[in-house]
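I set aside some time to go through this structure and jot down what I looked up. Here are my notes, in the order I made them.

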Amino acid sequence: MNRILIAEDERGIASFLEKGLRAEGFTTLVVEDGPSAASAARDRDFDLVILDLGLPYLDGHEVLAEIRGRGERMPVIILTARKGVGDTVTGLEGGADDYVTKPFRFLELMARIRARMRDQGTSEVTVLEVGDVTLDLRTRKATTGGKEVELSAREFTLVETLMRHPGQVLSRQQLLSHVWGYDFDTGSNIVDVYIGYLRKKLGKDLIETVRGMGYRLIH
Ligand code: CA
């Protein structure tokens, strides 16, 4: 399960998705309008489709209807900028497996892709462990020294990002775009603030500050 079709007409979002998914080891194809999405889904072999609703010529709902109309069961995750539940309900009734509302965080989308992979029975790491800290990615629970620690969603995602790259220095900008979203204010010191929270909760020696570069998880 590693071929993903990205149907998205906003170049910035499409390339953000493509870069992120490739970094996670997926093969991707980007198409920018509805008819291309429908034909790519028909003619090529994809394991999952990320489908923007607002596509030119044929919108996401119509593309989805075309895919499901052929009895094709590949997972489809809808991307929508549209507020309100109407589109979401229509999408899910039309056979989408999940949806993500723009603006979204890459890790949120990854979590949903991983959930679809689990549904498909693909094996996937579910517990991360570094030193005496463990993260259960299914239950979103963290422990240190065997004791459960309460983490907010952002704290969890931040430490998850660091734990996926143990020993590697991640810049503030990388952490910002992974945890808070690609368009988050880059002048913010929010990463430093959250690193402080994590040190309080998980131990001050877990995360090292690398001066002028960023942060690194000590393993
Ligand atoms: Ca669009």
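**Ile218 and the conventions**

I began with Ile218, which counts as partly exposed at 42% relative accessibility. For my own record, buried means under 20% relative accessible area, exposed over 50% and partly exposed in between, with a 1.4 Å probe and protein chains only. Ile218 sits in the segment after strand 11 (214–217). Helices (H or I, at least four residues) and strands (E, at least two) are DSSP runs, numbered from the N terminus.

I noted that this is a predicted model, in which local features need pLDDT of at least 70 and side-chain atom pairs count only at pLDDT 80 or more, while totals for chains, interfaces and linings use all residues. Residues are numbered from 1 along each chain as its sequence is written, and side-chain values use heavy atoms, with hydrogens and water left out.

I then checked the separation of Ile218 and Pro103: 115 residues in sequence, and 32 Å in space, C-alpha to C-alpha. Pro103 belongs to the loop between strand 5 (98–101) and helix 5.

Arg116 counts as buried, at 13% relative accessibility. What does the side chain of Arg116 contact? I found a polar contact with the side chain of Asp98, at 3.1 Å. Such a contact is a pair of N or O atoms within 3.5 Å; within protein, one must be able to donate a hydrogen and the other to accept it, and residues adjacent in sequence count only if both atoms are side-chain atoms.

**The calcium ion**

Which protein atoms are donors of the calcium ion? I listed Asp9 (OD), Asp52 (OD) and Gly54 (O), at 2.2 to 2.4 Å from the ion. Asp9 is in the loop between strand 1 (3–7) and helix 1 (11–23) and Gly54 in the loop between strand 3 (48–52) and helix 3 (60–69), so this pair ties together parts 45 residues apart in sequence. Donors here are N, O and S atoms within 2.8 Å of the metal (3.2 Å for Na, K and Ca); water is not among the atoms, so sites may look incomplete. Asp9 is partly exposed at 29% relative accessibility, and Gly54 is partly exposed too, at 34%.

**Tyr57 and helix 3**

Tyr57 is also in the loop between strand 3 and helix 3. I found its phi to be positive, about 70°, although Tyr57 is not a glycine. Tyr57 is exposed, with a relative accessible area of 74%.

At the start of helix 3, a side-chain oxygen of Asp59 comes to within 2.9 Å of the backbone nitrogen of His61. Where do the buried residues of helix 3 lie around its axis? These residues are Gly60, His61, Val63, Leu64, Ile67 and Arg68. They cover an arc of only 160°, which puts them on the same side of helix 3; the arc is that of the directions from the helix axis to the C-beta atoms. After helix 3 comes Gly71, with a positive phi near 80°.

**One more positive phi**

Last, I checked Arg140, in the loop between strand 7 (133–136) and strand 8 (141–144). Phi of Arg140 is positive, near 60°, in a residue other than glycine. Arg140 is partly exposed at 39% relative accessibility.
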